[in-house]
Amino acid sequence: MGAAALPEARRARARRDPRAQPDARSPGRAGSGPNQDGAACRGENSPGPHWRASSPSPTKLSPELAARALDTAAARARVTVAGSLPDPQVQVMSDDVDRTSGPRPNKMIYSFQQEIPLWGRRDLRRQVARAEVGQRMAQAQAAEVELTDRVKVAFARYYTSYEAVHRTEELHRAIHGVSQVARERYAQGRGEQQEVFRAEVETTRVATEIVRLEAALRSAQGQLNALLVRPTDAPLTRPERLRPLPDARTLDAAQLAGRARGTNPMLAADASAVRGAETNRRLTDRNWYPDVTLGASAIDRSGFGPPGYQAWVAFKVPLQWGLREAQAAEAGAQAGAARARLEAREQQIRSDLAEAVAGFEGSRRTADLIRRQLLPQAEALVRSGAAGYGFGRVDLASVLRAQHDLADFRLQLLSAEFDGQRQLALIERLVGGDL
């Protein structure tokens, strides 16, 4: 049973394991060593064995970031629009020459008028538009930081999924070896047939777990490829290592919150929104002061009198008191809402940083405990049980339990390492950059 399941699992692994594929530049040679992996990571179609080798691609090719850049370009164009004068009005009119008797010949009146904003309205409109540019730029930076965070987490998931498959394959080989010992003991009359069946059942059960982990690995590969704007089934090189974790002394939640106030792009976007809302409130207050319209016209009487000229100044009378009071109230409420959103964002970032730092420290301490204590103890127990079972001093159940415990501790270590990488990526996203 176990012998039949193992080749199938190995064939499935061979179809997706990049170490079993020939090097693209050297046909017929397997790229399994570190030199081959390094060469593959420099290839065009295969991201590198650590996350930084994969990070430049998504920020250059991401459709979301391209859309953010276009939004910023549109906001910059609106600065020019906001500071421009409205189009002038040209009017051509035909009228009768004023006469008390006789024929009334025609006269032509050519008019030109221009509305001119006063009271600094054009400058205020430009300031509102510039604040929107700052907001769009900060949102684009936030999108880039978030995308980088997702790449970091996706690579960590790919690494831990890859290692989980290989750790479980090591367990499969170990239990398969125990199964062979059980068969030898049964052939020599020193063991029971039930032990052989039990060992083969365990071998098959681990083979099914390998199949499940390989499906999780393919899912992680697809997620990472999608973030890198590559086909989901594109090959990836073997991941070699995770990012090194920073010193715990640098992860003070209060200091990180202070740094985030100056570098978090979403805080910068909210601050730009506050500036824009405050400027818009001042602009709305100027609605009580009317703009002026200057106009001039020339009169052509077609020989029935001298040419004439006209000039005028016009302005709107602010009689709609309720309208302007409502506009002022709206602008004041929008400014207050923008300030409240900024304060809420700061509080949320402080809370998220405190939670992420605590989670990061817990994950690192858990990983250290497993790596320094549990794994050496479990490995010693496995060696002792394997040796004792060969001489009949340890039963099969104890040997299998020791093998499973060792494999479980290794998977727990990978889980703790992944959680630490995820928390670190979250901290860096909240801060607005790498630590």
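## Ground rules and the sheet

Two strands count as paired if DSSP finds at least two bridges between them. Strands (E, at least two residues) and helices (H or I, at least four) are DSSP runs, numbered from the N terminus. This is a predicted model, where local features need pLDDT of at least 70, side-chain atom pairs count only at pLDDT 80 or more, and totals for chains, interfaces and linings use all residues. Residues are numbered from 1 along each chain as its sequence is written, and side-chain values use heavy atoms, with hydrogens and water left out.

Now for the sheet: 4 strands make an open one, ordered β3-β4-β5-β6, with antiparallel pairing. β3 (89–96) and β6 (308–315) sit at the edges with a single partner strand each, so one side of each has no neighbour in the sheet. From one strand to the next, the twist averages 20° (axes are lines fitted to C-alpha atoms, for helices over the stretch in contact, and angles run from 0 to 180 degrees between N-to-C directions).

## Walking across the strands

Start at β3, which pairs antiparallel with β4 (residues 106–116) over 8 bridges. Next, β4 and β5 are joined in the antiparallel sense by 9 bridges, and Ile109 has Ile299 in β5 as its bridge partner.

Finally, β5 (residues 292–300) runs antiparallel to β6, with 8 bridges between them. Look for Val292, whose bridge partner in β6 is Phe315.

## The nonpolar cores

Which residues have the most contacts inside the largest nonpolar core? They're Leu256, Ile349, Leu353 and Ile427, in a core of 19 residues. A nonpolar core is a set of buried Ala, Val, Leu, Ile, Met, Phe, Trp, Tyr and Cys residues joined through side-chain atoms within 4.5 Å. Buried means under 20% relative accessible area, exposed over 50%, and partly exposed in between (1.4 Å probe, protein chains only).

α9 gives the most, with 8 residues. Take Leu256: leaving out residues up to four places away in sequence, Leu256 touches Thr250, Leu251, Leu353, Val357, Ile427, Val431 and Leu435 (contact means heavy atoms within 4.5 Å). Apart from this core lies another, of 18 residues, including Leu65, Ala154, Phe155 and Leu414.

## A cluster of rings

There are 3 aromatic pairs in the structure. Rings of Phe, Tyr and Trp (its six-membered ring) pair if their centres lie within 6.5 Å; planes under 30 degrees apart are stacked, over 60 edge-to-face, and the rest tilted. Phe155 and Tyr158 have ring centres 6.4 Å apart and planes at 70°, so they're edge-to-face. They sit 3 residues apart in helix α5 (residues 121–187), about one helical turn. Are they buried or exposed? Phe155 is buried at 2% relative accessibility, and Tyr158 is buried with a relative accessible area of 2%.

Tyr158 also pairs edge-to-face with Tyr162, at 6.4 Å centre to centre and 65° between the planes. Those two are 4 residues apart in α5, about one turn of the helix. Tyr162 counts as buried at 2% relative accessibility. Put together, Phe155, Tyr158 and Tyr162 form one aromatic cluster.
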